[in-house]
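Trainee: I'd like to learn how to read a few features off a model. Can you take me through them one at a time?

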Amino acid sequence: MLDKKSIKAFLELPLMPLREIVMFPRLVMPLFVGRATSIKAVEQAQSAYNKMLVLVAQRDANVEAPQADDLHKVGVVSRVLQLLRLPDNTIKVLFEGLYRAEWHNLQNIEICPMARVFRLSETISQEDELPALLRAVHESLEEYGKINKKIPQDTLTSLKSLQNPGILADAIIPHIKTDYLRKQEILELLDVRERLERAYEMLQGEIDMASVEKRIKNRVKVQMERNQREYYLNEQIRAINREMGKEDEIQSELATLENKLKERDLPDETRAKGLEEVKKLRSMPPAAAEYTVVRNYIDWILDLPWNNLKQIDINIEKARAVLDGDHYGLDKPKERILEYLAVQKLSNGLKGPILCFVGPPGVGKTSLAKSVARATGRDFVRLSLGGVRDEAEIRGHRRTYVGSMPGKILQSLKRVKFNNPLFCLDEIDKMTSDHRGDPASALLEVLDTEQNNAFMDHYLDLEYDLSKIFFISTANSLHSIPVPLLDRMEIIELSSYLETEKRHIARHFLLPKQVETHGLKPENIRISENALLEIIRAYTREAGVRNLEREIAALCRKTAIRLVESDNLEARVAISTSSLPSLLGVKKYRHEEREDSPKVGVCAGLAYNQRGGEILLVETSIMSGAGHVVTTGQLGDVMTESAKAALSYVRSRADILGLEPRFYRKVDIHVHVPSGATPKDGPSAGITLATSITSALLGIPVRNDIAMTGEISLRGRVLPIGGLREKLLAARRGGIKRVIVPADNEKDLKEVPEEILRDLELILVDHVDEVLPEALAADAAEIFSGQTTTLTPLWHALRVDSGAGAAKTPLRQ
């Protein structure tokens, strides 16, 4: 810090260390001096050094006899203005700071510590900023004086009158409450602008701190006044009630609660807990905050239907009629539900079943649960679990929390008043978990028939019996449901509706409902069968019927506006296929149809997703090249692997198909599946890919009236697939006459409606060699034109001949 070249003179002065205090130039400050060495330093300064000494802050205030390393290098040369000796052998000294100085060569002589002191010169940087900084500091001083009333007004006036930036900074710092080490840092700053900026920064911090302190004090004062006022008013009310004889009302109310607890049909443990809480209330003033908490707890015990069961009359014929009346189709789920009801009737309903309806959106999972409740005479309770991420939603909060309540399970039971409703846990696959817990884990106890007879809610902290409840959960997918939770439920799958089912639902359920909703009469609107089918195919693409209902509602609105405009409310609006574009707009969707004529390399496959079945055209093109294989059309990993398996099968059968053994090295093969923006995956396109590749390589077109589905193995076996019902419907819709399906899927044909099977010729196959003659527009002799009698298996050429000098069989591929 000290520039030796600028040193012209130095002083030998006594040195006095300071504890947690920093002296500044031009500051007059009284100090109590108690250490013997410090007293000697003051006395020596008075007697021999013109009352001057250097004051230096210690680095650590706990050091009693500081050495050179225990002191900061920069201090302040000060003058002793006044000295007063006290009875306890200490002295009170009034010091005046003169200038900054840096000390060297500390010597602890017998009289007192002496040091060589060099005066430090100040510097000024960025002088153009000083006027603005001075103005800002003066404004802050004025604001600080309004907030902090502890600083005398004359002191603030003298501070605001200072115009020298260095003097102003040194004058402000001692008045700010901050750590002495920060003050020491500012003392060591020789740049005037920087020192004033630091002082301004600390001043602003003090202003902010003072504002916060004032706000807190005001808030605490208001709260104390409110509490005192409430206490005073409560005491007045108590005195008034005592005079008017109303104090007995509280005791009467508690007696009523006690009688209810004794009369209600409650478990013994619950009754004992409730009576114990009433006893607490008797010894508690009504104005206490805990009084309301305990009272709410007792109310919850009384409001829950502990042993209150609704009479259930299970009539299978009535239940079947209700289910068939509310839902068309869904034969399998209905049969499973009726089986459960029959078992319940025989077992007197000892335990409620736990079912899980799984299916795509809109197929009627939640409405089916409502129908089951109506068929069994149970109350229906629905709890949506979509987005629930807090375990307390299921188990509730403990009573220690403000505003705590039981979980949604007990809240719902309180509303229905019976302990055996049908409880629908909707969207159970949409639950998530975070730092607040995992609600799926909390449901493990709820949905376990071996445990839910003693369900423990955090709020009640009492065992509650859920075993009489009929739980039905719904989900779109099973993948996101934890395995332990899945294991506790009986899975019932609801597949997507077929076109024939949608048409029946629209005609007999949706259209009458929307006609009534829109204030129409049945004779006001007539939708033809072809128009209804066109709406299903061209204006909706879904597994359920929600969008179909929206489109029918749109037609009802169009009908309503025509009736009102024509001022004839008895008129009939006929809707045909040709009038749909003017009413619903252009077609929103299109379905693939069969090709107009047989084409080389183009084969119709059948695909299935949650929205139903689709025709999937597979195109293969061959070009001169070096054996590259390209697949496009957003194919998934499984479908890409199926294409590779299909190509490997064709290569293994090259000799039988009449292809050159190394044909694949001379051409590039490109396999494409149109609708490139739609992701596609699954193994069921295996035989379609094999047929398309074979057709392109042999130059034989694929019949345009045939479609196929089936997984392929490397040996050419055709393996079973899923979604056969939806795929056959898509084939019928696309004008396909013949469909090739795996022989192992013959058992699944029982689920296909008879009207679909009547229009299709099904070909059951076990091997791809059976597929090609049926699919290609050529006879078997032309397709399998190769020779196999003289070929040697490839593995034979790879083995080492054990005979010495034996001739090796030439390798043929």
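Mentor: Let's start with burial: buried means under 20% relative accessible area, exposed means over 50%, and partly exposed is what lies in between. Keep in mind that this is a predicted model.

Trainee: Fine. Is Phe10 buried, exposed or partly exposed?

Mentor: Phe10 has a relative accessible area of 40%, so it counts as partly exposed. Phe118 comes out at 7%, so that one is buried.

Trainee: And how do I describe two rings that pair up?

Mentor: A pair of aromatic rings is described by the distance of the centres and the angle of the planes. There are five aromatic pairs in this structure. One of them joins Phe10 and Phe118, with 5.5 Å centre to centre and 50 degrees between the planes, which is tilted. Phe10 belongs to the segment before β1 (11–18) and Phe118 to strand β6 (residues 113–119), so the pair ties together parts 108 residues apart in sequence.

Trainee: Which residues form another tilted pair?

Mentor: Tyr297 and Tyr459, at 5.8 Å centre to centre and 55 degrees between the planes. Here helix α9 (residues 289–303) supplies Tyr297, and the loop between β10 (455–456) and β11 (463–464) supplies Tyr459, so parts that are 162 residues apart in sequence are tied together. Both tyrosines, Tyr297 and Tyr459, are buried.

Trainee: What sits over the ring of Tyr297?

Mentor: The charged end of Arg399, 3.8 Å from the ring centre.

Trainee: On to helices. How far does α8 reach from its first C-alpha to its last?

Mentor: Helix α8 (residues 268–282) reaches 22 Å with its 15 residues, close to the 21 Å expected at 1.5 Å a residue. Its buried residues are Thr270, Arg271, Gly274, Glu277, Val278 and Leu281. Look down the axis of α8 and these fall within an arc of 125 degrees, so they line one face of the helix. Asp268 and Lys279 are exposed, on the face turned away from that buried side.

Trainee: Last one: in what order do the seven strands of the open sheet run?

Mentor: The order is β19-β20-β18-β17-β22-β25-β26, with mixed pairing. At the edges are β19 (629–632) and β26 (761–765), each pairing on one side only. From one strand to the next, the twist averages 25 degrees.

Trainee: How many bridges join β19 to β20?

Mentor: Four, and β19 runs parallel to β20 (residues 667–672). To find your place there, look for Val630, which stands opposite His670 in β20.

How values were computed
Residues numbered from 1 in each chain as written. Predicted model: local features only at pLDDT ≥ 70, side-chain atom pairs only at ≥ 80, totals over all residues. Heavy atoms only, no water. Helix = DSSP H or I, 4+ residues; strand = E, 2+ residues; numbered from the N terminus. Expected span 1.5 Å × (residues − 1). Buried < 20%, exposed > 50% of the residue type's maximum accessible area, 1.4 Å probe, protein only. Arc of directions from axis to C-beta. Phe/Tyr/Trp six-rings, centres within 6.5 Å; stacked < 30°, edge-to-face > 60°. Lys NZ or Arg CZ within 6 Å of the ring centre and 35° of its normal. Pairing = 2+ DSSP bridges. Axes fitted to C-alpha atoms, helices over the stretch in contact; angles between N-to-C directions.
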